[in-house]
Amino acid sequence: MSRRRTPFVMTVVALPLALGGCGLGSSIAGIHDAPAEQSGGASVTSGTATKVAERVVGDAAEVSRAKADSVARRKILSGPALREIEAAAVSKDSAGRTSAETEGLEVLAVSRGTDWPRAVLATSRTGDVQHLHVLVAEKADRPYTLFADVPMAAGASVPALPAVDEGAPVKLSSAPSQDVATAATSWGKAVAFPAPKKAPQDVSVADGFSSALKKNARATNKDLGDLADYTQRQAIADGETVSFELADGGAITFVPMTRTDTIRATDKLKELKIEQQALKHVLDASTVKRALSVKHAETLALVTPAEGKARVVGASEVVESAAGS
């Protein structure tokens, strides 16, 4: 006599990828006067850029907290940084943020010339995690805002940039350039799950963030077994990008991305139990029966060298939304 198999109850705990923090500072800044223009070279001096970065990164720490309102956040944040903090405020996802204390803030690059918008690339450390900060000022009468803020991948480094006082060519655009878009799309294919039959050859996924994505996807799929089908996809998100030209002619670009994880139950699964707090909050439920789709707001610090493979040197992500049935 055949026996009917009892459906399983599955607990999902490996879906979200735990990352380092946003590396936000702790001081509070007010609106500051626009820095004096330089006739040539960098748009502002390295000293002025450092002071601006310290103030803005510190101010961003205050508005990154969920209790701050959207109006306050939009005065201090912009671009991918605003997108992530707004998403975190909704989902209450604190996994992507660490202590507000930062150390060793250093300006790496300043946009060249007297035109607007202007940008500053800086770095600082929170504990043992190095962070990259991008500041942008759209016009002369507007203060700098924190545009992007990502922890660097373990062991990663930023290629040589032009000397700070010389300034670096910078592009702020509503979408990435064709070469950056191609690299970001290739990276998304390379870290997807299931993995593509033929891995893209124009991008490296040897960095810590990419390796963690692939490892986490394999672990999630293994945990689910034949109880559900799992997929993970990446796509370039709508939103502005900032690109700093490197000394060798390549670029480091901060690109908004969306990661989507999907689980579809088979007839062997009774329900999925959700344990990650951010997911339970946006779903307003602790279980789903048939399917779960989770979107993460991501920011990539993507290096596209003049020669060689593109690679990720830093990344951040938070839960943005989720849907279940």
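Buried here means under 20% relative accessible area, exposed means over 50%, and partly exposed is in between, with a 1.4 Å probe and protein chains only. The model is predicted, so to speak of local features we need pLDDT of at least 70, side-chain atom pairs count only at pLDDT 80 or more, and totals for chains, interfaces and linings use all residues. Residues are numbered from 1 along each chain as its sequence is written, and side-chain values use heavy atoms, with hydrogens and water left out.

Start with Thr-253. Its relative accessibility is 2%, so Thr-253 counts as buried. Contact means heavy atoms within 4.5 Å. Beyond its neighbours within four places in sequence, Thr-253 is in contact with several residues, among them Val-180, Thr-241, Ser-243 and Leu-302.

Now the rings. Rings of Phe, Tyr and Trp (its six-membered ring) pair if their centres lie within 6.5 Å; planes under 30 degrees apart are stacked, over 60 edge-to-face, and the rest tilted. How many aromatic pairs does a search of the whole structure find? Two. Trp-187 and Phe-209 are stacked, at 6.1 Å centre to centre with 15° between the planes. Trp-187 is buried, at a relative accessible area of 0%, and Phe-209 is buried too, at 5%. In the other pair, the ring centres of Phe-193 and Tyr-230 are 5.7 Å apart and the planes are at 35°, so this pair is tilted. Both Phe-193 and Tyr-230 are buried.
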